[in-house]
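Hi everyone, thanks for coming. I'd like to walk you through a structure that may be new to you, so let's bring it up on the screen.

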Amino acid sequence: MGSRKLAAILLLLGCPVLGSPVLVNSASAQTYGLGRTPSAEEIRARDINIGETGEELPPGRGTPKEGAKVFTLQGCIVCHGEEGVGGLGPALKSKTSQDLPIWKRERILPLRAPFATTVWDYIHRGMPLGREGTLTPDEVYALTAYLLYVNKVIPEDTVLDEKSLPKVKMPIGDGYAKLPDWKPGTRRLEGYPY
C-alpha cells in the first residue's frame, strides 16, 4: 500500500501521522486522548518496590522463631518442604557447605540476593503462591528472618524491622552483577548486548 494511502487511512481512523503537528507539540501538552495524569496518592499506592536502603519498608517486625511458625501456618511447607528443603518449589535452605564460594552453592534466594530487602520484597509481592500480597508486614519480616536464619546469615535472636533489615550483610557481599553506568544516546560497553 502506498504511503499516501496509509497516511490517509490513519488520519481517517484518528491516528496522528509521524511528522504531523500533533506530534511536534511539547510533551506536556500531549495527551493522545488516553487516560489522565495519576495523582501523587495513586502513584504511591502502586509504588511497592523496596530498594536496597529499605526507605520504602513499612513498619513491622519479626524474628526467626516467629517466621518458623508463619512458615507452617501459611502453608509454605507444602511447596518448599520442611525447613525450606524437599518440596516441589524452589529450595530455600542450602544443603551444601558454607565453606564453598557462594556461586558454587545452590540457587537459594536468601543467599544469592544482593540485599536482605530483596528477600523481603520478593516474599511480600510473590508469596504465598496464589495468594500473593496477602501477608502482613510482620509476617513478611518474620519469614525473611526465618529464611536468613536457616541459611546462617543472621543469628536466631535477631529481630528484623524496617531499620535493621537493610543493615543485614548478605553472603554474596559485593559479588552480584552490577549494571554499568550508561546514559541514553551513548555507546554501550562491550559484552552488554542491550
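Let's start with two helices, α4, residues 64-73, and α8, residues 137-150: their axes come within 7 Å and cross at roughly 105°. Angles from 65 to 115 degrees count as roughly perpendicular, and α4 and α8 are therefore roughly perpendicular to each other. Please keep in mind that this is a predicted model.

Who meets whom here? On the α4 side we have Pro64, Glu66, Gly67, Ala68, Val70 and Phe71, and they meet Glu139, Ala142, Leu143, Ala145, Tyr146, Leu147 and Tyr149 of α8.

Next stop, Leu160, which sits in strand β2, residues 160-161. Is Leu160 buried or exposed? Its relative accessible area is 0%, so Leu160 is buried. Setting aside neighbours within four places in sequence, Leu160 is in contact with several residues, including Gly60, Arg61 and Gly62, and also Tyr141, Thr144, Ala145 and Leu148.

Last one: Ser94, in the loop between α5 and α6. With a relative accessible area of 13%, under the 20% cut-off, Ser94 is buried too. Its side chain makes a polar contact with the side chain of Thr96, at 3.1 Å. Not counting residues up to four places away in sequence, Ser94 touches Arg105, Glu106, Ile108, Leu111 and Asn151.

Note on methods. Residues numbered from 1 in each chain as written. Predicted model: local features only at pLDDT ≥ 70, side-chain atom pairs only at ≥ 80, totals over all residues. Heavy atoms only, no water. Axes fitted to C-alpha atoms, helices over the stretch in contact; angles between N-to-C directions. Helix = DSSP H or I, 4+ residues; strand = E, 2+ residues; numbered from the N terminus. Parallel < 35°, antiparallel > 145°, perpendicular 65-115°, else oblique. Contact = heavy atoms within 4.5 Å. Buried < 20%, exposed > 50% of the residue type's maximum accessible area, 1.4 Å probe, protein only. Polar contact = N/O pair within 3.5 Å; in protein donor to acceptor, adjacent residues only side chain to side chain.
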